Amino acid sequence: MRITISGWRRASLSLLGCALLLAAAPLSHAQQTARAKALGAQLKCVCGCNQVLTACNHVGCTYSHAMLKELDERVARGDSDSLILQSFVQEYGEQVLTDPPRKGFNWLVWILPIAAPLLAFFVIWEVVRRWRRQSILAPAGGPSLAPDLLERARRESGENEIE
């Protein structure tokens with residue numbers, strides 16, 4: 001009897017495991033080709049998670065599964081990569097691309113990370129250079145003293161030194 005009970009447990013667990021695998025099969029169908037994975041890496045999910053389409057793990061995401069299915073269908077049809085990407089851009093807008101195109105206003109995304117620190121360094125360099133120049137040229141003098149007060153101070157200091 002003990003053998004049959006453990007046998008039933010094993011059988012029920014294996015059936016449960018098969019049922020779970022079959023339930024997850026439609027989800028794992030997506031992105032089976034290397035080309036589809038490469039194209040999916042160039043697209044973002046539009047659910048708001050800002051993750052790459054193939055890596056969207058947003059719970060309850062209604063967009064990624066449909067987008068992955070559409071991507072797989074277009075790859076299976078044999079559409080070119082540029083045609084697939086352009087169709088996604090037409091449907092979802094340029095924000096669907098992980099890398100913005102290097103034209104128009106988007107070129108700032110590529111230029112600013114290099115130009116901004118260089119410009120900031122130059123501005124700081126000029127400010128420090130001008131401050132140093134002003135401090136070197138500034139006269140080092142205090143308030144002017146009347147000659148009689150200066151003579152009196154010399155006399156008093158001289159008398160103190162003799163004593």
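Visitor: What percentage of the 163 residues of the chain count as buried?
Guide: Buried means under 20% relative accessible area, exposed means over 50%, and anything in between is partly exposed, with a 1.4 Å probe and protein chains only. With that cut-off, the buried share of the 163 residues comes out at 18%.

Visitor: What kind of model is this?
Guide: Residues are numbered from 1 along each chain as its sequence is written, and side-chain values use heavy atoms, leaving out hydrogens and water. Local features need pLDDT of at least 70, side-chain atom pairs count only at pLDDT 80 or more, totals for chains, interfaces and linings use all residues, and the model itself is predicted.

Visitor: How many helices and strands does the chain have?
Guide: Helices (H or I, at least four residues) and strands (E, at least two) are DSSP runs, numbered from the N terminus. Reading along the sequence gives α-α-α-α-α-α. The tally is 6 helices and 0 strands.

Visitor: What share of the contacts with a separation of 6 or more comes from residues 24 or more positions apart?
Guide: A contact means heavy atoms within 4.5 Å. Among contacts in the chain with a separation of 6 or more, residues 24 or more positions apart account for 40%.

Visitor: Is helix 2 parallel or oblique to helix 3?
Guide: The axes, lines fitted to C-alpha atoms over the stretch in contact, with angles from 0 to 180 degrees between N-to-C directions, come within 10 Å for helix 2 (residues 34-41) and helix 3 (residues 64-77) and cross at roughly 130 degrees. Under 35 degrees counts as roughly parallel, over 145 as roughly antiparallel, 65 to 115 as roughly perpendicular and the rest as oblique. So helix 2 sits relative to helix 3 as oblique.

Visitor: Which residues of helix 3 does helix 2 meet?
Guide: On the helix 2 side we have R35, A36, L39 and G40. Their partners in helix 3 are L71, D72 and V75.

Visitor: Where is N50, the residue other than glycine with a positive phi?
Guide: Phi of N50 is near 60 degrees. N50 counts as exposed at 57% relative accessibility. Its place is the loop between helix 2 and helix 3.

Visitor: Which residues does S64 touch, not counting those up to four places away in sequence?
Guide: S64 belongs to helix 3 and is buried, with a relative accessible area of 4%. Setting aside residues up to four places away in sequence, S64 touches C45, L53 and C56.
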